[in-house]
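Please keep the sequence and the coordinates in view while reading.

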Amino acid sequence: MRLPLLTLTAIAALFAAADADAQTYDPRYPVCMHVYTSGGRGGGGDYYDCSFTSIPQCRATASGRAASCDVNPYYVFDEPPPRRRHKKSN
């Protein structure tokens, strides 16, 4: 009795699990445009276009579209250069 119950529970858990989304932000660019799309039959969606180097550049591209521009949360601003190691001289 236990095995069929556990099997049914495991199958139900697999069907209930949602698909994982891949990272949608490109860490090479500091600004992303969030584009909202309307699909047919009531199904809409959205996507991110992270190919902008400034907010004004993104806003010019987003003008007239259902889109907004945001700072990329995965972009590394002002990463410090690696420290140099000096060898000790004897």
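The torsion about the S-S bond of Cys58 and Cys69 is about -95°, so this disulfide is left-handed. The sulfur atoms of Cys58 and Cys69 are 2.1 Å apart, where a disulfide is defined as a pair of cysteine sulfur atoms within 2.5 Å. Cys58 lies in helix H2 (residues 55-62) and Cys69 in strand E3 (residues 67-71), so the pair ties together parts that are 11 residues apart in sequence. Helices (H or I, at least four residues) and strands (E, at least two) are DSSP runs, numbered from the N terminus.

The model is predicted: local features need pLDDT of at least 70 and side-chain atom pairs count only at pLDDT 80 or more, while totals for chains, interfaces and linings use all residues. Residues are numbered from 1 along each chain as its sequence is written, and side-chain values use heavy atoms, with hydrogens and water left out.

How many disulfides does a search of the whole structure find? The search finds two. The other joins Cys32 and Cys50, with their sulfur atoms 1.9 Å apart. This pair links distant parts of the chain, with Cys32 in strand E1 (residues 31-38) and Cys50 in strand E2 (residues 44-52), 18 residues apart. The torsion about the S-S bond of Cys32 and Cys50 is about 105°, so this disulfide is right-handed. Cys32 and Cys50 are buried. With bonded cysteines counted along the chain, the disulfides follow the pattern 1-2, 3-4.

Strand E1 also holds His34. Is His34 buried or exposed? His34 counts as buried because its relative accessibility is 9%. The side chain of His34 makes a polar contact of 2.5 Å with that of Asp46 and a polar contact of 3.2 Å with that of Tyr36. A polar contact is a pair of N or O atoms within 3.5 Å; within protein, one must be able to donate a hydrogen and the other to accept it, and residues adjacent in sequence count only if both atoms are side-chain atoms.

Leaving aside neighbours within four places in sequence, His34 is in contact (heavy atoms within 4.5 Å) with Asp46, Tyr47, Tyr48, Ala66, Ala67, Ser68 and Asp70.

Technical notes: Buried means under 20% relative accessible area, exposed over 50%, partly exposed in between (1.4 Å probe, protein chains only).
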